[in-house]
Amino acid sequence: MLDNLEALKKSFDETGYQLSGHGPRNVKVLKQAFQEIDEDTKSDIYGSGAAIGDFEDKMANFLGKEKAVFFPSGTMAQQIALRIWCDEKGSAKVAYHPLSHLEIHEEDGLKKLHGIETVLLTERDNVIQPEDVKAMDKDVSCVLLELPQREIGGQLPRFETLQAISDYCRANDIRLHLDGARILETLPFYQKSIEEICELFDSVYMSMYKGIGGIAGAVLAGGEEFIRQSKVWKKRHGGDLISLYPYIFTADYYFEMRKGKMEEYYESAKELAARYNSCTGISTLPEVPVSNMFHVHINKPTDEAAQVLAAVQQESGIGLTGYVREVDQNKCYYEVSMGDFYTTAPQEKIELAFQLLDKKMRTLPFSN
Ligand SMILES: Cc1ncc(COP(=O)(O)O)c(C=O)c1O
């Protein structure tokens with residue numbers, strides 16, 4: 001007998017249309033990217049060769065930085081970026097949001113591998129403000145800003161806030177690093193170019209598998225000397241795989257395919273969030289999304305919410321989510337990230353799914 005969470009996952013997997021993401025993460029993702037690539041194209045070898053170098057140059061240019069380096073993961077790239085800035089200042093201290101990826105998803109890599117102390121700026125539910133940065137010790141070597149702040153639904157500070165933080169850091173000998181795992185996804189909201197945003201930061205990381213939808217991989221960009229040192233650390237971390245081209249060619253393929261689609265994802269996030277917000281006992285964070293992502297909060301215990309969602313998915317054929325996470329005994333939530341999949345679902349089916357969701361939420365306690 002499946003429990004409610006397992007049943008939710010199963011019902012999601014069985015739906016014909018899923019409203020978030022780009023589609024299944026299967027071998028086709030790799031095959032499609034390689035279809036047009038000449039079989040004689042040479043591999044990169046330990047970080048050199050055109051297969052990696054051309055893409056790094058292209059991304060440096062795109063982000064408006066002198067140089068860039070391709071990493072197998074953002075986790076590796078960012079720990080290294082922060083290590084370099086700490087060494088430069090001679091102070092092993094960095095500051096970031098309490099729900100930063102480095103703080104909650106990396107098993108303390110920064111602390112255990114690099115002995116770097118962390119200062120947590122602001123409260124968990126807020127985005128970082130200039131006052132938070134001004135209040136911290138000046139011996140902090142680097143401030144990391146994550147845009148959008150994923151764990152609070154992908155919220156964003158205003159562009160003027162970013163500018164103020166950047167000005168303060170520059171005036172006080174503090175480096176500013178961008179955790180831009182989803183930075184392209186913020187451009188429609190900011191109405192700025194990628195260069196205008198990256199210009200505020202000394203170093204920038206961008207993921208190649210989130211909104212872009214590649215297999216894995218990250219680009220770290222910055223000044224020439226910073227990137228020279230990043231390459232040394234990449235080798236030390238075992239990140240200089242003999243060949244990274246399967247990741248690089250797919251990253252490049254999906255980057256070209258999707259870099260111009262962020263506006264579409266942003267508009268569909270706003271549309272879908274409005275549908276959720278029209279349902280009883282459900283709200284989104286933020287209420288109006290500022291990127292392609294948001295969180296769905298349900299005012300019901302996890303088990304009840306899972307039952308409702310599974311029933312909606314079974315009856316409508318529309319996949320809303322494969323999981324829910326408990327907030328407290330009476331509330332739970334899940335994350336939604338919009339991609340290519342949304343537009344494949346027929347509008348009348350989506351309509352039906354949200355009518356069912358509202359109805360079932362109204363008529364709880366739920367019985368099957
Ligand atoms: C905001 C943010 N930063 C960094 C990372 C790390 O990326 P990777 O999975 O490539 O190590 C992630 C991954 O989810 C992320 O969401």
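Modeller: Two residues are in contact here if their C-beta atoms, placed from the backbone, lie within 7 Å. Please also keep in mind that this is a predicted model.

Colleague: With that cut-off in mind, which residues is Tyr-334 in contact with, leaving aside its neighbours within four places in sequence?

Modeller: Tyr-334 lies in strand 13, which covers residues 331–337, and with 19 C-beta neighbours inside 10 Å it counts as partly exposed. Thr-321 is 13 residues away from Tyr-334 along the chain, and the C-alpha atoms of the two are separated by 7.3 Å. Leaving aside the neighbours within four places in sequence, the contacts of Tyr-334 are Val-296, Thr-321, Tyr-323, Val-324 and Arg-325.

Colleague: And what is Gln-18 in contact with, once its neighbours within four places in sequence are left aside?

Modeller: Gln-18 is found in strand 1, residues 17–18, and it counts as buried because it has 22 C-beta neighbours inside 10 Å, where 20 or more are needed. Ser-91 is 73 residues from Gln-18 in sequence, and the two are 47 Å apart in space, C-alpha to C-alpha. With the neighbours within four places in sequence left aside, Gln-18 is in contact with Gly-319 and Phe-341.

Colleague: Turning to the chain as a whole, how does its radius of gyration compare with the globule rule, and what is its value?

Modeller: The protein chain has 15 helices and 13 strands. For 368 residues the globule rule gives 21 Å, and the chain comes close to this, so it is as compact as a globular protein of that length; its radius of gyration is 21 Å.

Colleague: What share of the contacts in the protein chain with a separation of 6 or more is accounted for by residues 24 or more positions apart?

Modeller: The C-alpha trace of the protein chain spans about 60 × 55 × 40 Å along its principal axes, and 45% of the 368 residues count as buried. Among contacts with a separation of 6 or more, the share that comes from residues 24 or more positions apart is 75%.

Colleague: Where do the buried residues of helix 3 fall around its axis, and within what arc?

Modeller: Helix 3, residues 50–63, has 14 residues and reaches 19 Å from its first C-alpha to its last, close to the 20 Å expected at 1.5 Å a residue. Its buried residues are Ile-52, Phe-55, Glu-56, Met-59, Ala-60 and Leu-63. Seen down the axis of helix 3, these residues line one face of the helix, because they fall within an arc of 140 degrees.

Colleague: Which elements do the buried residues of helix 3 pack against?

Modeller: After helix 3 comes Gly-64, whose phi is positive, near 75 degrees. The buried residues of helix 3 pack against strand 2, helix 10 (194–198), strand 7, strand 8 and helix 12 (245–258).

Colleague: Which residues of helix 11 are exposed on the other side from the buried ones?

Modeller: The buried residues of helix 11 are Phe-226, Ile-227, Ser-230, Trp-233 and Lys-234. They cover an arc of only 115 degrees around the axis, which puts them on the same side of helix 11. What covers these buried residues includes strand 2 (67–71), helix 4 (74–89), strand 7 (203–207) and strand 8 (218–222). On the other side of helix 11, the exposed residues are Glu-224, Glu-225, Arg-228, Val-232, Lys-235 and Arg-236.

Colleague: How many nonpolar, polar and charged residues does the shell around the ligand have?

Modeller: The ligand is surrounded by Ser-73, Gly-74, Thr-75, His-101, Glu-146, Arg-150, Asp-179, Ala-181, Ser-207 and Ala-218. Sorted by class, this shell has 2 nonpolar, 5 polar and 3 charged residues.

Colleague: Which residue is joined to Pro-148 by a cis peptide bond?

Modeller: Most peptide bonds are trans. Pro-148 lies in the loop between strand 5 (142–146) and helix 8 (159–171). The cis bond there has an omega of about -10 degrees, and the residue that it joins to Pro-148 is Leu-147.

Colleague: Finally, is Glu-107 buried or exposed?

Modeller: Glu-107 is placed in the loop between helix 5 (101–104) and helix 6 (109–114), and its phi is near 50 degrees, a positive value in a residue other than glycine. With 10 other C-beta atoms within 10 Å, Glu-107 is exposed.

Note on methods. Residues are numbered from 1 along each chain as its sequence is written. This is a predicted model: local features need pLDDT of at least 70, side-chain atom pairs count only at pLDDT 80 or more; totals for chains, interfaces and linings use all residues. A residue is buried if 20 or more other C-beta atoms lie within 10 Å of its own, exposed if 12 or fewer, and partly exposed in between; C-beta atoms are placed from the backbone. Helices (H or I, at least four residues) and strands (E, at least two) are DSSP runs, numbered from the N terminus. The arc is that of the directions from the helix axis to the C-beta atoms. A residue is near a molecule or strand if its C-beta atom, placed from the backbone, lies within 6 Å of it. Ala, Val, Leu, Ile, Met, Phe, Trp, Tyr, Cys and Pro count as nonpolar, Asp, Glu, Lys and Arg as charged, and the others, Gly among them, as polar. The radius of gyration is taken over C-alpha atoms; the globule rule is 2.2 Å times the number of residues to the power 0.38. The expected span of a helix is 1.5 Å times one less than its number of residues.
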